[in-house]
Amino acid sequence: MITIDQQTFEKYVPAFASASDNTFVRMEPYIKLVSAKVEKNVGEHATDTTQLLIERYVCVSAARTAAPQLDLVLTPNGFGVVSSQNVVPASRERVNALIEQLRIDESTTFDLIVANLLDTDWAKSPVAEQHIASLLYSPTMMRRYGIKDSEGKEVYFQEWQGLQNELAIAEEKVRTLISPELYDRLIEVQRIPDEEARSEYNIVLEQARKVVAAWITADRYPQAPRALSHRLLDTVNRYADKLKEYSNSSTYRARNTQGYENRKEDSAYFFG
């Protein structure tokens with residue numbers, strides 16, 4: 001069970017530290033809502049390290065959600081909630097800066113929680129399967145591969161959501177290139193590594209992620225998708241005997257049939 005007291009809340013959101021408990025009291029409903037959502041998705045899988053991350057996430061997420069809806073004022077410690085008329089309202093610029101800081105903290109902390117949970121039995125749960133549903137399944141991963149949004153902003157949760165169409169299109173290209181069967185296996189390997197063939201799958205996974213990122217950023221680097229796709233295809237063919245999902249697929253059979261031509265209308269088509 002997640003328990004957040006005023007001391008814990010102010011440790012993770014020092015901008016809301018207050019001499020009175022008025023600010024924390026106003027935050028409690030938001031804390032309870034976020035806590036219930038996290039408990040539903042995490043279950044009993046939290047380790048000690050994950051529990052600390054969860055506490056941080058609950059606090060910053062609650063604060064980020066509440067901030068636009070509260071009458072915030074400046075205090076000697078940062079921000080507080082209006083409790084009298086003899087206070088100075090916080091400027092919209094400072095409130096927006098606070099919300100942006102909380103938004104970034106919320107996004108990065110959530111990704112750290114998921115990374116920690118992947119080392120537990122949570123990785124085998126339906127919730128994990130729903131969450132790890134793409135090759136770039138988190139904002140942190142998009143930043144790692146140099147992806148920015150259409151305005152050139154760093155990718156956090158809001159920007160990651162806004163890039164879902166581009167991500168889906170890019171992943172479909174990879175799925176067609178390496179076969180649906182191998183693509184699905186790579187998605188699974190992210191949650192449950194294959195110890196016997198971990199090296200080959202990890203090599204392919206890394207290259208596949210780079211191809212996805214290349215397609216999303218193709219407006220900046222137009223030559224990258226073709227070059228990285230060729231490299232990925234060479235790799236899966238080189239390791240075909242170790243990648244049974246690929247070697248047993250219709251995609252592989254089509255490419256290795258005598259007399260095969262690389263035509264655009266074929267499902268196994270790749271760049272010529």
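## Thr109 in helix α4

Thr109 lies in helix α4, where helices (H or I, at least four residues) and strands (E, at least two) are DSSP runs, numbered from the N terminus. The model is predicted: local features need pLDDT of at least 70, side-chain atom pairs count only at pLDDT 80 or more, and totals for chains, interfaces and linings use all residues. Residues are numbered from 1 along each chain as its sequence is written, and side-chain values use heavy atoms, with hydrogens and water left out.

With a relative accessibility of 2%, Thr109 counts as buried; buried means under 20% relative accessible area, exposed over 50%, and partly exposed in between (1.4 Å probe, protein chains only). Not counting residues up to four places away in sequence, Thr109 touches Leu53, Arg56 and Tyr57, contact meaning heavy atoms within 4.5 Å. Glu55 is 54 residues from Thr109 along the chain, and the C-alpha atoms of the two are separated by 9.8 Å.

## The chain as a whole

The chain contains 13 helices and 2 strands. It has 272 residues, of which 44% count as buried. Among the contacts with a separation of 6 or more, 61% are between residues 24 or more positions apart.

The accessible surface of the chain comes to about 14900 Å², and 49% of that surface belongs to carbon and sulfur atoms. Accessible areas come from the Shrake-Rupley method with a 1.4 Å probe; for residues, only the protein chains shown count as cover.

## Packing of α3 against α4

Two packed helices are described by the angle between their axes and the distance between the axes. Helix α3 (residues 48-66) and helix α4 (residues 92-117) have axes that come within 9 Å and cross at roughly 155°. Axes are lines fitted to C-alpha atoms, for helices over the stretch in contact, and angles run from 0 to 180 degrees between N-to-C directions. The helices α3 and α4 are therefore roughly antiparallel to each other; angles under 35 degrees count as roughly parallel, over 145 as roughly antiparallel, 65 to 115 as roughly perpendicular and the rest as oblique.

The crossing of α3 past α4 is left-handed, a term used if the near helix is turned anticlockwise from the far one by less than a right angle, with right-handed used if clockwise. On the α3 side, the residues making the contact include Leu53, Arg56, Tyr57, Val60, Ala63 and Arg64, and on the α4 side they include Leu102, Asp105 and Thr109. By class, the contact of α3 with α4 has 11 nonpolar, 5 polar and 5 charged residues. Ala, Val, Leu, Ile, Met, Phe, Trp, Tyr, Cys and Pro count as nonpolar, Asp, Glu, Lys and Arg as charged, and the others, Gly among them, as polar.

Leu102 is placed in helix α4 and is buried, with a relative accessible area of 5%. Leaving out residues up to four places away in sequence, Leu102 touches Val13, Val60, Ala63 and Arg64. Leu102 and Val60 are 42 residues apart in sequence, and their C-alpha atoms are 5.7 Å apart in space.

Asp105 also belongs to helix α4. Asp105 is buried at a relative accessible area of 15%. Apart from neighbours within four places in sequence, Asp105 is in contact with Arg56 and Val60.

## Packing of α8 against α11

Helix α8 (residues 164-178) packs with α11 at an angle of about 35°, the axes being 10 Å apart. The crossing of α8 and α11 is right-handed. Val174, Leu177 and Ile178 of α8 make the contact with Ser229, Leu232, Leu233 and Val236 of α11. The residues of this contact divide into 6 nonpolar, 1 polar and no charged.

Leu233 is found in helix α11 (residues 224-238) and counts as buried at 4% relative accessibility. Although 55 residues apart in sequence, Leu233 and Ile178 lie 6.8 Å apart, C-alpha to C-alpha.

## From α8 to α9

The loop between α8 and α9 (180-191) holds Ser179, which counts as buried at 0% relative accessibility. Most residues other than glycine have a negative phi. Ser179, although not a glycine, has a positive phi of about 95°.

The axes of α8 and α9 come within 6 Å and cross at roughly 120°, which makes α8 oblique to α9. Glu171, Arg175 and Ile178 in α8 meet Pro180, Leu182, Tyr183, Asp184 and Leu186 in α9. The contact of α8 with α9 comprises 5 nonpolar, no polar and 3 charged residues.
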